[in-house]
Every structure is written in C-alpha cells, then in structure tokens.
Amino acid sequence: MELKDSVSSIKGIGEKTQKLFEKLGVESVGELLTFYPTRYDTFSDPKPIAELKEGEDGVICGLVSRVVTPGYASRIKILTCIVTDPSGSIELVWFNQPYVKFELKSGYHFIFRGKVRLKGKKLQLEQPKIYKREDYYRLQTALQPVYPLTAGLTLNTVRKSMKQALTITGDMPEFVPLKFRKKYELLKKNHAVTEMHFPKSRETMMEARRSLVFEEFFLFMVFLRQMSLGREVKESSLVIKDNGECDDLIGKLPYELTSDQIKTFEEIKNDLTSGRVMARLIQGDVGSGKTVVAELALLMVAGSGYQGAIMAPTEVLAKQHYESMQKDMDRYGLKCCLLVGSMTAAEKKKVYSDIAEHRADIVIGTHTLFQEKLVFDKLGLCVTDEQHRFGVRQRESLSKKGISPHILVMSATPIPRTLAMMLYGDMDISRITTMPSDRQAIKNCVVGQGYRNTAYNFIRKQIEEGRQAYIICPMIDAEEDSELENVTDYTEKLKDIFGNTLRIDKLHGKMKPKEKNDVMLKFKNKEFDILISTTVIEVGIDVPNATMIIIQHADRYGLATLHQLRGRVGRGQKKSYCILVSSAKGQTAKQRLQIMTTTTDGFKIASEDLKMRGPGEFTGTLQHGFPEFKAGDIIKDVKLIEYAKQVAVDIIADDPELIAPEHTNINYLINTKYSQLSKIIQVG
Ligand code: ADP
Ligand code: MG
C-alpha cells in the first residue's frame with residue numbers, strides 16, 4: 001500500500017465504501033491520513049447501576065451472575081446475564097453473539113459499556129462491550145476519534161480503515177525542515193499523524209495537532225511568500241526620525257499607555273526607521289486603544305516633514321478622529337484637515353490644494369474621498385482604521401498616492417478576510433491584547449421583551465448619575481408587517497415616556513452625513529442623554545461617558561456585530577452595562593446570545609460566531625483564494641500562523657527557489673497542489 005493508492009487498497013474498503021469516502025473528499029490513502037477527527041470520545045467512569053438512565057450510553061462495573069445462554073433451537077440467539085454492584089443490579093442482553101459466553105464468567109467483575117434500554121418496566125443494558133477492569137482503565141486515558149461521516153459510512157469503518165492506513169505514516173513526506181522542527185518543538189510527521197487519530201492522551205493529541213497545524217500554515221506561507229517575491233521588502237527612501245515629540249505627546253495623554261500599546265508603537269517606530277516600507281496590521285479588540293497608536297505614528301511621520309493620512313469607514317468616525325487629533329497636533333505646529341463627503345465642493349477644493357501644497361500635514365477622511373483625485377506633496381504614511389470594513393483595492397489605491405508610503409492598518413475583527421488580507425498583503429502583525437487598566441468589566445444580560453419597564457428605570461438612574469445611553473433598533477422607520485422596533489417611532493415613544501426629564505435624539509443611515517456628525521458631536525458634548533440609533537454607530541464611535549447600551553432584537557445580529565456594538569460602552573472608568581433584548585422564541589437564539597455574557601474576548605466571540613454561522617457567511621473577495629485548512633483554525637491558531645510565517649520567511653530568504661535538498665518536498669507540493677490556488681489568488 002502506498003500513499004497515492006486509492007483507499008480501496010485498504011482491507012475492507014470495497015467499491016461502495018470507496019464511493020462514500022469520495023463524498024467526504026477522501027480518495028487516496030494519503031488523503032485518508034489527513035482526514036482528521038473533528039472531536040474525540042472518551043471512556044467515562046463507570047456509574048452506579050441505580051443511576052443509569054434510559055437512552056444513554058451506560059458504563060457499569062459489577063459482578064456477573066446467572067448467565068443464560070440461548071438454546072440451540074431458538075432463531076435469534078439471545079444471551080443474558082445479571083450484573084450487580086452495591087447500588088443495584090441490571091440485566092444485560094446480547095443478540096446473536098453466542099461467543100460472548102466465553103468471556104463472561106459468573107462470579108467475576110467486569111466493566112460493561114452499552115445502550116441503556118427500557119424493557120417492560122426495567123432497564124436493560126443492550127449489546128454491551130465487555131472489558132477487564134485494568135484494560136478499561138488503560139483505555140480511559142486514550143481518546144477515540146470521531147470523524148465526519150456520510151450516510152452509509154459508519155464510524156467503525158472509518159476507524160478501522162484509519163488503523164490500517166496508519167501503518168504507512170512513515171512514508172508521509174516531512175515538510176518543515178528539521179532545524180525548525182527542533183526550534184518549535186514539533187513532532188515527527190508520522191508520529192503526529194498517528195497521535196492525531198488515536199491519541200494516547202489529550203496532551204499528546206494537542207502536541208500532535210500543533211505540529212500538523214504548524215506544517216499546514218507553514219506550507220501556505222511558503223507558497224504566499226513565493227508568489228509575492230517580487231513585491232517583497234521594498235526599500236524606503238523616506239527619512240523618518242523620532243524627534244521626541246511622540247514621547248512628549250505620550251507624557252501629555254490623560255492616561256498611561258498599556259504595555260501592548262507601547263510595544264506596538266515601538267514596533268512601528270522600528271519599521272519607520274528601518275529603511276524598508278512598513279506594512280503592519282494592528283489587531284486589537286474593540287476599545288483596546290488602537291487610535292492613539294496610529295496618532296503617534298502619524299505624529300512621527302508628520303514631525304519628520306511628511307504627510308500622513310488616515311481613512312475611516314464612516315464620516316462620523318473620521319470626524320471623531322479629526323476632533324481628537326487636531327488638538328494634539330496643534331501643539332507641534334502640525335495641521336490636520338478633514339475630508340468627508342458632506343463638505344461643499346469649495347471646502348473640498350481648499351483641502352485638496354492644502355494637501356497638494358503641503359499646508360496640511362495630516363488628512364483624516366473617509367475612503368470614498370481617497371479614491372478621488374487627491375495629490376499629496378509628500379505622503380509618508382497611510383493608516384486605515386477598521387480595515388475589515390474596506391476592500392483591498394481601496395487600501396491599495398490610497399497607497400499609490402505617494403512613493404510607497406508606509407502602511408498601517410487597524411482592525412478589531414479577526415475574521416478570515418482580515419487574515420487573508422494580511423497574508424496577501426504580506427503584513428506584519430502587532431497585537432494589542434491588554435485593555436486599558438482603568439476599565440471595569442461590562443455587565444451583560446440577555447432579557448426578553450417584558451424587561452422594558454425595568455430597563456427604562458435603569459436608564460433613568462444612570463442618566464441621573466450623569467451617564468449617557470445608546471439604544472439600538474434594527475429599523476429606521478416603521479414598515480408594514482414588521483414588528484421590529486424602529487428608530488423613528490422608538491424616539492417618539494421614549495420622548496412620551498420620559499417627557500422633558502431626559503433629552504433624546506436619534507441617528508440612522510438615512511440622515512445626511514452633516515446631520516449625523518452634528519448629532520454625534522452633540523452626544524459627545526453631553527448635549528443630550530439617550531441616542532437612539534441603528535447599527536451605524538457600530539464602528540469606532542468613542543463616547544466614554546456613555547455607559548449603557550440596550551440592543552433591541554439582539555437575536556437578529558451576528559455575535560461579531562453585537563461585540564462591536566457593545567464596544568461602544570465600557571470605554572471609560574465607570575461601570576458599563578449592555579442589555580441584549582431578545583425577541584426570539586427559540587432556545588438556540590438565547591444560547592447564542594448567552595455567549596456574549598460569558599466572554600468579552602473578540603477572538604472567542606468571532607470564532608463562536610463562525611462555528612454557528614458557518615464560515616461561508618464571512619465570504620469576502622479574498623476568501624475565494626483561501627484554502628480550507630484541514631487541521632488549522634485561522635482564528636484559534638493565529639499564533640502558530642505567525643511562527644509558521646517566520647519560518648517561511650527565513651527559508652525563502654535563504655533559498656528563494658527552494659532547491660536545497662531539505663526543501664524539495666515543499667517545492668514539489670507547491671508546484672502541484674498549490675498551483676491551482678495561485679491562479680485564483682492572482683486573479684482575485
Ligand atoms: P479602539 O481600539 O476600539 O479603536 P479607541 O482607540 O477608540 O479604541 O480607544 C478607546 C478609548 O480608550 C478612547 O476613549 C481612548 O481615549 C481610551 N484609551 C486609549 N488608550 C488608553 C489607555 N492606555 N488607558 C486608558 N484609556 C485609553
Ligand atoms: Mg477604533
């Protein structure tokens with residue numbers, strides 16, 4: 001048997017079974033070996049007989065008595081016995097397995113594992129497997145693989161076939177060169193594959209998985225790296241210096257930077273002064289404080305005599321960045337300007353000329369404007385905020401506006417698209433995982449519609465304490481046949497309820513950008529208390545005094561969206577609250593929302609969301625070129641991706657053509673399996 005042979009060369013796999021495997025994408029023995037379990041079963045501890053429940057897989061340990069073997073005349077051979085433990089006794093039954101009697105010995109203890117059924121009024125253990133106690137305890141440390149199946153293919157068949165296939169794992173090619181396997185403590189391929197399928201323990205399985213995931217990402221990275229060889233490591237002629245202004249600004253901030261913010265800024269500083277073009281992604285959860293890091297980078301670049309640009313996905317957000325940066329930059333004699341769609345033609349024209357003639361040092365705007373004819377005098381840095389909101393092209397079109405400016409992108413959402421982009425664009429990653437230390441955990445709850453009055457009272461109390469609140473509705477106006485709350489009616493309704501005691505205003509996508517900006521500014525300046533809005537406020541809005549968000553019909557949104565929405569509160573030192581109002585009847589919707597209350601980690605939420613919605617729902621332009629990883633999880637294993645990338649970078653730097661003997665396996669694979677992929681990626 002060889003890896004490339006059809007699975008039918010495995011004993012017990014005939015034409016029919018082969019077809020079934022084919023359905024699962026498994027044709028060769030080699031493919032079978034990389035058909036990994038989706039989870040593992042464990043052998044649970046034996047239970048007292050008295051605690052068995054109908055329908056479950058029961059495991060008991062007890063003394064055998066009264067073995068009744070079938071008579072020769074009966075058509076179905078039924079063998080029974082009674083097993084007793086201190087809690088009680090139960091009848092065990094086997095059909096057509098007469099040989100069981102040779103194993104069963106009256107007066108001995110065994111462990112039995114089988115389905116618990118109701119027979120008449122009594123429970124029975126049906127067709128149980130019999131284990132000697134010491135054998136069972138040994139099995140308990142091991143894990144039993146569970147594979148995805150298709151109708152007609154049993155778990156047992158897959159397990160048995162796998163066991164045979166595993167005899168040739170020694171033939172599987174090793175891709176990660178020995179040097180790096182040692183460095184990253186990776187298992188040998190054959191060992192890893194065996195452990196992945198039939199692990200001796202959870203620990204060995206994790207170790208095996210880690211090695212296989214690493215290899216998978218490594219190969220993909222080598223492939224990407226090879227494809228982008230031409231574009232890689234661009235020299236930069238920009239002369240950017242750190243002239244103390246950044247430290248000065250850091251000293252003047254009303255807070256201390258977190259260690260991750262400092263580290264990220266250090267990495268950016270290194271990039272900017274390295275003589276190479278920076279391409280860096282800052283990944284940091286909602287509210288982790290990415291903006292200030294970008295601001296420092298912009299200050300460093302502008303302070304060195306270049307221009308900087310920052311793109312935001314919405315006008316409201318651009319305006320917010322402008323408001324906060326302008327004040328800081330003033331101190332250093334640097335001029336910020338805003339460039340958004342709602343400005344008049346004359347205003348825009350003035351900004352264009354300010355940019356072209358370098359009267360403006362930092363431009364803050366929305367992406368649409370950067371697509372127009374915008375000429376910079378000396379563009380040194382482009383920042384893209386909320387990268388996941390943009391397509392790749394937009395980023396590139398902005399970066400074409402200077403002579404290879406440095407690129408910094410920021411994103412809060414670890415969706416595959418972001419990752420794809422990062423791989424594609426060959427970015428380095430900085431991660432901000434520590435939240436500012438002054439934050440208090442947000443209090444979350446999931447409630448039904450009946451919670452209304454309690455919520456109103458609570459809002460009133462918060463506002464009396466000087467706080468502000470958001471209420472999110474899914475619709476703008478009332479629509480026929482829709483019971484969903486809408487911003488317009490809800491605003492009126494609340495005005496009725498609260499009368500003149502509270503000030504209420506609204507925000508939604510149909511309003512003119514100028515109106516939206518005004519409302520946001522007023523809210524930020526505490527000119528009113530409750531903002532009723534659609535999800536337009538989802539991205540980036542920063543009003544630290546708002547401590548409460550109520551999301552109507554929360555069940556209608558993806559968890560990632562809810563996470564972004566919730567990120568609008570908990571931005572200051574005061575305790576914040578997030579109330580998810582669910583209108584769904586079903587249990588699953590509630591369960592999904594409950595995830596929000598168990599974690600505030602955007603990565604976890606995104607991966608839970610992915611699990612529930614299926615990866616297809618995040619389809620973005622780039623994902624078409626994305627291979628399906630067999631072992632790896634592009635969210636969970638992001639750390640391994642980084643390591644794997646580093647190894648790929650080192651290898652390609654040493655041996656760009658992959659001709660060294662230790663690289664021939666990689667070379668072969670990339671020219672065969674991945675060649676298809678390269679077409680897709682280049683087009684995409
Ligand atoms: P995001 O990463 O979601 O873009 P922001 O940059 O908008 O987050 O920051 C959220 C809020 O936290 C802002 O009000 C910002 O001023 C504040 N902030 C940023 N860094 C810190 C810090 N180190 N300590 C306290 N507050 C901070
Ligand atoms: Mg932000």
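Visitor: How do the residues of the shell around ligand 1 divide into nonpolar, polar and charged?

Guide: Sorting goes by residue type: Ala, Val, Leu, Ile, Met, Phe, Trp, Tyr, Cys and Pro count as nonpolar, Asp, Glu, Lys and Arg as charged, and the others, Gly among them, as polar. Here the shell has five nonpolar, six polar and seven charged residues. Please keep in mind that this is a predicted model, where local features need pLDDT of at least 70, side-chain atom pairs count only at pLDDT 80 or more, and totals for chains, interfaces and linings use all residues. Residues are numbered from 1 along each chain as its sequence is written, chains are lettered from A and ligands numbered from 1 in the order in which they are written, and side-chain values use heavy atoms, with hydrogens and water left out.

Visitor: Which residues are the closest to ligand 1?

Guide: A residue belongs to the surroundings if one of its heavy atoms lies within 4 Å of the molecule. By that rule 18 residues surround ligand 1, and the closest are E256, G287, T291, R439 and D542.

Visitor: Which side chain has an N or O atom 2.6 Å from an oxygen atom of ligand 1?

Guide: For a polar contact, look for a pair of N or O atoms within 3.5 Å; within protein, one must be able to donate a hydrogen and the other to accept it, and residues adjacent in sequence count only if both atoms are side-chain atoms. The side chain you want is that of T291. The protein buries 90% of the 570 Å² that ligand 1 exposes when taken alone, with areas from the Shrake-Rupley method and a 1.4 Å probe, where for residues only the protein chains shown count as cover. Backbone atoms take part too: a polar one of E256 is 2.7 Å from a nitrogen atom of ligand 1, and one of S288 is 3.4 Å from an oxygen atom of the ligand.

Visitor: Is L299 buried or exposed?

Guide: Buried means under 20% relative accessible area, exposed over 50%, and partly exposed in between (1.4 Å probe, protein chains only). L299 counts as buried because its relative accessibility is 0%. Leaving aside neighbours within four places in sequence, L299 is in contact (heavy atoms within 4.5 Å) with E245, C246, L249, M329, Y332 and L334.

Visitor: How many aromatic pairs does a search of the whole structure find?

Guide: Rings of Phe, Tyr and Trp (its six-membered ring) pair if their centres lie within 6.5 Å; planes under 30 degrees apart count as stacked, over 60 as edge-to-face and the rest as tilted. The search finds 13. One of them, F35 with Y147, is stacked, at 5.8 Å centre to centre and 10° between the planes. Both F35 and Y147 are buried.
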